[in-house]
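Welcome! Have a look at the model first.

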Amino acid sequence: MTRSLYRIQGLRHERAGRTVLTVPELVLNGPGSVAVVGDNGAGKTTLLRLLSGSLETPTSGVVQCTIDRRMVVLVDQDPYLFATTVAGNVGYPLKVRRVPRWERGERIATALKAVGLGGFERRSARTLSGGERRRVALARAIVLKPKVLLLDEPDAGLDGDAVAALEWLIQALSEDCLVVFSSHDRARAARLAGRVIRLGDGHLLGGSAPFGEGLSPVPDSGSAAPIVPR
Amino acid sequence: MSDGVLHAFGLIFSADPELYRVVARSLMVTLCAVVIAGALALPFGYLLVHGRFAGRGALVIIIHTLTAVPTVVVGLVLFTLLSRGGPLGGLDWLYTPAALVLGQGLLAFPIIATLVRSALASMDVRVLETARALGAGRLRAGLTQLSEGRLAITAALVTGFGRVVGEVGCAMMVGGNIEGYTRTMSTAIALESGRGEFSFGLGLGLVLLLLALLVNLALQAMQGRAGIQGATVG
């Protein structure tokens, strides 16, 4: 069942004294997939980081999230992998959440298979190629079975087969989860996403709403809780 | 001179009991000092990087300055504190191994804290961000960062060890160089050389060099292994 997951109102975010993003109103419903498109410097990454709730808080305005923030995961464009094995990386968020060891192994294997890296558990993360590193980061995010998955340019640096697999994965994940991904490729965004949000020079230019969630007006959401870092 | 070197090797390979007693005591004192100083310097170094408090900049300068304080000055201050009329005289630690540990710990602390701070400050900012984004709380994210910097931190501990294991000034002043009790490698070298017993001093000097070599080899091996293998993230 589709429900409101995010409600943004009067958002303005500054970095080094310069306004980098302004979003008057925006509602995101899930499950489903939302693409954020725009040129370099349009504010795509900033929007995703603000949605993550743990990395940045807006200079002014409100970003409300109706679910537990720990069920929101962001995969960076250039993800950092810890200096450990692939399994150590994918299992990190499970370890943080004290998931029992026996359950971790199974979930790590499933997540790695989902991104096409089955059997990579014991490999050192530092020996992987760029594309493999991005896929490990994706596995590290989906292993949590998040409610919201934020992907910053997930197709960057991936070859044709890997992009096809990624597209399939986004579509599969968006059945149970809200997947918000940024992209330069408008055609891919339109093909994959149920909704496309356009940003330009730090401003919301518009967005389609094919599965019912308009950009405005903002619906009432009594259970909405502000995102604050723990 | 060559006779002295040969005699020194003879003492090492014949497992001269007095020589190895001094070596064992030195190692024990320095290891204790580095473990205690390291346990305090790690969170202190982390605070110097991530803490938000007034006077942080001044504290960084003070800690940097303390790395250059002559060991004999630390020995003198500690002697004043631990002597019978001093504020810590009641502990009755002067001329005991505890005083040696305290002295070496005080010398090692600023060195380790400075190196840990530098290591953490130069780390990829994405380490903390990634840990936080994956649900780690502040403490867990901090431990993860320390784990990611484990090689640099180990190097800091090794450097601290190397700097204090051979110091003479402080050990002489607060340890008193008492045979069988507070005599360390460095104070023994100073004493035996003063007596003209160069071979014993040379033997200890060679052991010190060998220790430095082994510690550095171990560090190199760790760094090499970390490049191809992983370790557990905290």
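**Exercise 1.** Which side chain meets that of E103(A) in a salt bridge?

*Solution.* This is a predicted model, in which local features need pLDDT of at least 70, side-chain atom pairs count only at pLDDT 80 or more, and totals for chains, interfaces and linings use all residues. Residues are numbered from 1 along each chain as its sequence is written, chains are lettered from A and ligands numbered from 1 in the order in which they are written, and side-chain values use heavy atoms, with hydrogens and water left out.

- Start with the rule: a salt bridge is a side-chain nitrogen of Lys or Arg within 4 Å of a carboxyl oxygen of Asp or Glu.
- Apply the rule: R107(A) is the partner of E103(A), at 3.1 Å from N to O.
- Helices (H or I, at least four residues) and strands (E, at least two) are DSSP runs, numbered from the N terminus.

**Exercise 2.** Find the salt bridge of D155(A) and follow where it leads.

*Solution.* 

- The partner is R188(A), with the closest N and O atoms 2.2 Å apart.
- This pair links distant parts of the chain, 33 residues apart: D155(A) sits in the loop between strand 6 (148-151) and helix 5 (160-173) of chain A, and R188(A) in helix 6 (residues 186-192) of chain A.
- Shared partners join D155(A), E167(A), D185(A), R188(A) and R191(A) into one network of salt bridges.

**Exercise 3.** How many salt bridges are there over all chains?

*Solution.* The count comes to 16.
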